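Hi everyone, thanks for making the time. Have a look at the model on the screen, and then I'll walk you through a few parts of it.

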Amino acid sequence: MTAHPVESTQIGVAIDIPEPWGSTLTARRAEAGDPRAEYVPAHVTLLGPTEIARSSLPAVEEHLAAVAATHPPFSLHLRGTGTFRPITEVVFVAVAAGISECELIAEAINSAEELRRETRFPYHPHVTVAQDVDPQALDEVFEDLASFSALFEVEHFTLFSHCGEARWKPRRDFRLGT
């Protein structure tokens with residue numbers, strides 16, 4: 001008897017950056033030559049790309065609903081730029097307020113057995129605006145967005161799924177505090 005492979009899917013959980021800022025940051029990422037801009041809209045990651053069994057999706061969604069219910073909405077202020085260079089070739093828009101809220105939600109999300117995974121770096125909420133592109137392009141994005149500022153209320157986070165080379169697709173929103 002042959003064992004059938006477990007059907008899996010790749011998921012991620014993030015806070016979408018609302019308009020008008022989301023499309024502005026995604027467009028700037030594309031202008032820097034970052035090919036991920038086509039597939040990854042501007043966001044603050046709460047759970048990075050994670051492979052799970054498709055059969056685990058209902059339990060994961062139940063867990064995310066429980067996490068959302070125990071965390072109230074909060075203000076998120078994006079301001080200025082930062083970089084992870086020389087460790088990784090990344091320029092990001094910094095989270096100036098809402099850091100601890102993002103950290104608490106990310107920690108709660110990662111507490112589910114299906115979602116625990118090894119990470120290369122400690123969690124640091126941010127919005128990537130250029131990654132693994134020419135150093136000059138990284139410098140330009142860093143300078144161009146140095147005065148960027150956006151302040152908005154986060155009322156939900158989103159479960160995204162990804163298949164193959166397509167854009168990450170929103171699967172379900174989870175309202176905070178409900």
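Let me start with how residues get sorted: Ala, Val, Leu, Ile, Met, Phe, Trp, Tyr, Cys and Pro count as nonpolar, Asp, Glu, Lys and Arg as charged, and the others, Gly among them, as polar. This is a predicted model, where local features need pLDDT of at least 70 and side-chain atom pairs count only at pLDDT 80 or more, while totals for chains, interfaces and linings use all residues. Residues are numbered from 1 along each chain as its sequence is written, and side-chain values use heavy atoms, with hydrogens and water left out.

Okay, the largest pocket. A pocket here is an open set of points on a 1 Å grid over the protein atoms alone, where a 1.4 Å probe fits, with protein on both sides within 12 Å along at least five of seven lines; lining residues have an atom within 4 Å of a point. Grid points are joined across faces, edges and corners, and the volume is the space filled by probe spheres set on the points. That gives the largest pocket about 1,200 Å³. It has 38 lining residues, and the closest to its centre are Thr45, Gly48, Pro49, Arg117 and His126. How does the lining divide into nonpolar, polar and charged? You get 18 nonpolar, 11 polar and nine charged residues.

As for elements, helices (H or I, at least four residues) and strands (E, at least two) are DSSP runs, numbered from the N terminus. Strand E2 gives the largest share of that lining, six residues, and E1, E2, H3 and strand E5 (126–131) each supply at least two.

H1, residues 21–31, has Gly22, Leu25, Thr26, Arg28 and Arg29 buried. Those line one face of the helix, since they fall within an arc of 160 degrees seen down the axis. Their cover includes E4, E5 and helix H4 (135–144). Just after H1, Gly33 takes a positive phi of about 90 degrees.

On to the nonpolar core: that's a set of buried Ala, Val, Leu, Ile, Met, Phe, Trp, Tyr and Cys residues joined through side-chain atoms within 4.5 Å. The largest one has 45 residues, and Ile15, Leu25 and Ile109 are among those with the most contacts inside it. Leaving aside neighbours within four places in sequence, Ile15 is in contact with residues including His43, Leu46, Cys102 and Phe157.

Last, some loop details. Glu19 and Pro20 are joined by a cis peptide bond, omega about 10 degrees, and Pro20 is in the loop between E1 and H1. The bond from Arg85 to Pro86 is cis as well, with omega near 10 degrees; Pro86 is in the loop between E3 and E4. And Asp132, in the loop between E5 and H4, has a positive phi of about 55 degrees although it is not a glycine.

Terms used:
Buried means under 20% relative accessible area, exposed over 50%, partly exposed in between (1.4 Å probe, protein chains only). Contact means heavy atoms within 4.5 Å. The arc is that of the directions from the helix axis to the C-beta atoms.
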